[in-house]
Amino acid sequence: MAISKPDVLYRNISHKPPETNWMDVPLEIKPGRYCYAADPGPLEYVGMPNPRKWNPKDDDWKLPENWKETFIGGMKERLEKFRSFKIFMDICVRCGACADKCHYFIGSGDPKNMPVLRAELLRSVYRGEITKAGQILGRFAGGRELTENVLKEIWYYYYQCSECRRCSVFCPYGIDQAEITIIGRELLNLLGLNIDWIAKPAANCYRTGNHLGIQPHAFKDMIDFFCDDIEEITGIRPEPTFNKKGADYLFITPSGDVFADPGTYTCMGYLILFHYLKEEYGMDITWSTYASEGGNFGFFTSHELMKRLNAKMYMEAKRLGVKWILGGECGHMWRVLHQYMDSMNGPPEFLEVPVSPVTGTRFDHAASTKMIHIVEFVADLIKHNKLPLDKSRNDNLRVTFHDSCNPSRGMGFLEEPRYVINKVCNNFFEMPLETIREQTFCCGGGSGLNAGENEEIRLMGGLPRANAVKSVRDRHGVNMLANVCAIDRATLTAMMDYWQPDVGVTGVHEMLGNALILPGEQERETNLRGEPLPGKEEEE
Amino acid sequence: MKAINSLILVLALIVIAMLGAGALGIEYLFGVIIPYLAVLIFIVGFITKMVGWGKSAVPFRIPTTCGQATKSLPMFKDKWSRLDNPGTKLGTVGRMFFEVVLFRSLFRNTKVELHPGQYVAYSSSKWLWIFALIFHYTFLIIVLRHLRFFTEPIPGVIVFLDQADSMLQILTPPLFISSLLILVALGYLLLRRFFVPSMRYISQPADYVPLFLIISIVVSGMLMRYVGPFKTDLMPVKELAMGLVQFSPTVPEGIGLTFYVHFFLFSVLLMYFPFSKLMHMGGVFLSPTRNLPNDSREKHHANPWNYPVKVHTYEEYEDDFREKMVEADLPVVKPLEEKAEETSENDEKKE
Amino acid sequence: MYNAKYIIPGLIIFALLFTFPFWYNLGADAYEPVELELPEDYDDCLESTEYMRTEHMKMLDEWRDIYVRDGYQMYWSELKEQYFLMSLTKTCMDCHDNKEEFCDRCHDQTAVDPYCWDCHHIEP
């Protein structure tokens with residue numbers, strides 16, 4: 001389906017809801033706003049319920065016989081297992097503070113994309129089917145019966161939430177729609193209601209080690225290919241190792257960095273950095289083809305699948321006998337690593353508290369999980385003047401930084417990337433305060449929603465971010481949007497093409513790779529993208 | 001519709017009190033039995049609800065981090081962020097203090113506007129924060145002021161509160177500032193639900209009922225104090241109140257009907273409380289996105305219901321891809337020729 | 001229950017605060033309704049008892065304004081059908097001559113602190 005031009009789409013956004021009671025507004029599954037249903041194959045592979053061919057546009061969703069009992073039973077179980085869920089079902093006062101905080105609401109105007117109403121879709125079922133008051137008073141107590149249409153509505157809107165937590169920042173009780181969506185999707189998955197764009201990567205990750213289904217030899221080939229490029233540009237060939245037993249450190253990054261532009265340039269940045277660290281400081285960092293995925297699409301499916309996919313990291317670290325794990329630039333990957341991994345699969349007694357072998361800095365804040373973010377690791381290196389950097393190689397860039405939802409609101413990882421960016425480039429500009437740091441906006445494709453078929457809602461959801469970029473482009477001539485997330489690199493590229501075609505997207509380590517001076521390198525003519533470096537254009 | 005139904009419900013409550021304590025003359029029910037029941041339901045209901053929440057597990061540390069992590073490299077420490085993203089218990093107490101006492105999160109509120117020419121603007125929007133603060137604090141002051149009826153001798157603080165609240169010395173008896181402010185705040189909270197389209201869309205009877213109920217309580221209270229025909233002699237009211245708290249209930253003569261309406265509506269509010277959204281009063285303390293320190297990489301937090309899951313082991317993975325791995329010079333644990341002897345093991349369970 | 005070490009003390013504090021009036025009055029004597037020392041010479045005040053109970057503050061306030069600011073001195077009592085001087089000390093306290101045994105009895109019990117006595121210094 002054709003997407004209207006940006007100015008038309010923008011003009012048609014209306015934040016005015018209909019006058020009808022929202023419970024009476026019939027569900028319309030609009031093309032461009034939903035993702036295709038999961039094929040049976042991936043579900044069977046990981047043993048998820050009710051694998052079958054189905055289509056959300058059909059009337060019959062081929063639900064299991066006892067779907068209602070399963071859903072309600074699942075809710076009751078999760079009310080016991082997650083205090084967050086129980087509290088968030090009980091205490092919302094519908095003050096409306098969250099209403100205009102959701103990027104999908106801002107961009108689409110669909111009132112059921114207001115976080116409060118997205119939560120009410122499920123809350124009304126909780127009240128109508130589980131609480132006494134709701135069972136007796138029904139609608140007057142805000143309750144409704146769980147019907148197939150209600151279920152479809154929940155499916156439709158819970159796959160229009162990117163679990164970005166922006167609403168939670170503004171909620172006076174910290175009600176987090178991400179948490180409700182996570183549990184809502186877990187319930188939907190009990191009935192086999194899911195989307196292919198999540199189910200397939202999750203199954204891939206389970207089998208091949210990464211979402212993209214890259215098999216070990218292909219994974220190595222890709223990285224070899226980057227090494228070729230790096231050799232061509234710098235005259236030096238990095239020699240990464242794979243699955244190396246006895247290596248000191250294990251590096252895990254989202255597979256998007258290995259596969260999709262512009263993440264690939266970020267990956268080249270990692271390779272250059274690791275080569276430098278190996279040559280100068282003897283740091284032995286290995287890559288794994290088995291744990292070749294930092295991201296975790298299980299997180300978008302169920303807590304159990306998240307744990308199953310995440311388990312590989314510690315298992316591989318143990319098998320290889322490394323000291324600690326270094327994690328690449330990724331958003332939801334770091335939410336899982338920071339807030340879930342240790343409780344699910346930890347603590348890893350076989351690892352050591354991370355200490356930088358270069359600077360001696362002990363990362364006590366990762367004392368239990370034993371995994372650190374490559375950007376904090378690099379910030380520490382730069383702070384101790386351990387990296388020779390030529391900022392001017394990034395002088396063609398006028399950079400702004402997009403905080404990814406998960407590192408900012410699930411970690412508090414705000415200053416680290418800014419510090420590194422300022423050390424590797426000369427022109428850095430912040431977007432408006434309401435759109436960065438803890439108030440940052442989603443790229444529009446988080447939580448497994450970066451599919452092709454839902455492009456319209458993604459572009460709508462991308463509006464707040466794109467518009468903030470526009471403001472710094474207009475004021476400061478910004479031409480590059482930096483971030484520390486693989487999904488951002490994929491989503492924002494398409495989103496910029498639509499809203500702001502003259503702004504590119506980069507990972508922080510791509511800029512680091514360009515600025516880092518390797519000992520004995522040839523004079524670089526181009527950056528990692530093969531574009532001429534500033535000052536070298538005339539020679540072309 | 002939702003608002004009208006809610007208003008009718010509250011009006012019906014008023015009529016019940018008027019009929020019951022007035023026409024039917026069963027003051028004992030409205031002055032003693034229902035209030036006792038209300039206190040009991042409120043306390044037991046509140047505690048039951050909180051214990052119910054307490055029985056649910058907190059498997060993961062999921063604070064919403066609203067500032068630079070305090071548990072990060074020392075070079076990034078920011079003294080302010082410890083209140084928005086604390087890493088320690090003490091910091092978390094601080095965060096909760098600001099959340100509960102000053103509504104920190106609501107203070108962040110912004111309003112989005114889409115201007116022509118593709119310009120998305122955010123402006124600070126503090127009205128909800130201001131009026132929410134006014135409402136909650138005046139409500140607290142008003143409840144505390146009423147202790148003058150339930151204590152003898154009246155504690156000095158309560159006397160002081162009464163005097164401070166009426167220090168403007170306008171009207172006779174002097175106007176309580178809190179009564180005026182709470183009406184303004186309640187008016188704001190109600191009118192935004194009527195006139196802001198998105199608010200009207202999300203509002204439920206459960207939002208209107210408490211507003212109408214509290215407004216009716218305030219208005220009936222003010223009628224008793226300021227408006228001739230509704231005025232009531234306070235001495236028998238005090239006698240009734242003291243009878244209740246000293247467990248020797250009496251229903252003295254000479255209490256006006258307005259009092260019974262006022263007292264009944266408040267009793268209803270107490271009884272309604274534990275089963276409603278008003279439980280946010282207790283719930284806010286237990287919200288896992290606010291009351292947990294952000295130290296989940298530093299300290300291990302056990303998930304009480306953690307269970308072993310099926311995982312895809314490295315060995316299974318190698319079995320799947322050994323040939324290709326060997327071909328690509330990737331190290332393998334078992335050499336290629338052994339592959340035939342390999343019996344594929346079932347998925348192992350991992351703790 | 002999880003986090004009982006935080007939740008239970010919290011609930012105890014909540015219950016203690018909410019039940020404050022119940023335990024604050026423990027040990028105190030049973031509450032006695034207020035008895036006023038009424039003048040023996042008269043059966044009625046200037047207006048009916050009910051009226052005086054609910055409106056005396058308003059009446060005094062009006063007297064103050066009319067007498068001090070507007071200069072009128074006399075109040076017509078409908079009940080007694082005669083004029084009285086609008087004076088707290090000379091009229092009211094002519095009968096109710098003991099502030100402590102009359103005014104203060106009720107005022108103290110309801111935390112009422114009228115500002116009459118800011119100007120009218122009544123010696124005990």
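How many residues of chain B are in contact with chain C, and how many residues of chain C are in contact with chain B?

Guide: The model is a predicted one. In it, 36 residues of chain B are in contact with 30 residues of chain C. On the side of chain B that touches chain C, the elements that give two or more residues are α2 (27–55), α7 (147–150), α8 (156–165) and α12 (234–245) of chain B. Sorted by class, that side of chain B holds 20 nonpolar, 8 polar and 8 charged residues.

The partner in this contact, chain C, deserves a description of its own. Chain C contains 6 helices and 2 strands, and along the sequence these follow the pattern α-α-α-β-β-α-α-α. The radius of gyration of chain C is 22 Å, whereas a compact globule of 124 residues would have a value near 14 Å. Along the principal axes, the C-alpha atoms of chain C fill a box of roughly 75 × 35 × 30 Å. Of the 124 residues of chain C, 7% count as buried. Among the contacts in chain C with a separation of 6 or more, 53% join residues 24 or more positions apart.

Chain B also meets chain A. Here 81 residues of chain B are in contact with 96 residues of chain A. Several elements of chain B each supply at least two residues to the side that touches chain A, and among them are the strands β1 (110–115), β2 (119–124) and β3 (309–310). By class, the side of chain B that touches chain A has 40 nonpolar, 27 polar and 14 charged residues. Of the 2 pairs of chains that touch, chains A and B have the most contacts. Chain A and chain C, by contrast, are joined by no contact, and their closest C-alpha atoms lie 10 Å apart.

The confidence and the division of chain B bear on how these contacts are read. The average pLDDT of chain B is 93, and 96% of the residues score at least 70. Over residues 339–351 of chain B, however, pLDDT stays under 50, and for this stretch the model has 17 contacts beyond four places in sequence. The domain assignment of chain B gives domain 1 (2–286) and domain 2 (309–350). The centres of these two domains of chain B, taken over C-alpha atoms, are separated by 64 Å.

Chain A is likewise assigned two domains, namely domain 1 (6–30 + 49–193) and domain 2 (202–515). Between the centres of domain 1 and domain 2 of chain A, again taken over C-alpha atoms, there are 31 Å. The contact between them takes 17 residues from domain 1 of chain A and 23 residues from domain 2 of chain A. On the side of domain 1, α5 (103–108), α9 (166–170) and α10 (177–190) of chain A each supply at least two residues. Of the elements on that side, α5(A) gives the most, with 5 residues. The classes on the side of domain 1 of chain A that touches domain 2 are 6 nonpolar, 6 polar and 5 charged residues.

One residue of chain A may be followed in detail. A:Asn189 has its place in helix α10 of chain A. A:Asn189 counts as buried because 23 C-beta neighbours lie inside 10 Å. Leaving aside residues up to four places away in sequence, A:Asn189 touches A:Met48, A:Asn194, A:Thr301 and A:Ser302. From A:Asn189 to A:Val322 there are 133 residues in sequence and 36 Å in space, C-alpha to C-alpha.

Elsewhere in chain A, helix α19 (residues 415–424) is mostly covered, with 8 of its 10 residues buried. The buried residues of α19(A) are A:Glu415, A:Glu416, A:Pro417, A:Arg418, A:Tyr419, A:Val420, A:Ile421 and A:Val424. The cover over these buried residues includes the strands β5 (371–373), β6 (399–402) and β7 (480–483) of chain A. The helices α17 (374–383) and α22 (508–515) of chain A are also included in that cover.

Methods. Residues are numbered from 1 along each chain as its sequence is written. Chains are lettered from A and ligands numbered from 1 in the order in which they are written. This is a predicted model: local features need pLDDT of at least 70, side-chain atom pairs count only at pLDDT 80 or more; totals for chains, interfaces and linings use all residues. Domain bounds come from an automatic or database domain assignment. A residue is buried if 20 or more other C-beta atoms lie within 10 Å of its own, exposed if 12 or fewer, and partly exposed in between; C-beta atoms are placed from the backbone. Helices (H or I, at least four residues) and strands (E, at least two) are DSSP runs, numbered from the N terminus. Two residues are in contact if their C-beta atoms, placed from the backbone, lie within 7 Å. Ala, Val, Leu, Ile, Met, Phe, Trp, Tyr, Cys and Pro count as nonpolar, Asp, Glu, Lys and Arg as charged, and the others, Gly among them, as polar. pLDDT is the predictor's confidence in each residue, from 0 to 100. The radius of gyration is taken over C-alpha atoms; the globule rule is 2.2 Å times the number of residues to the power 0.38.
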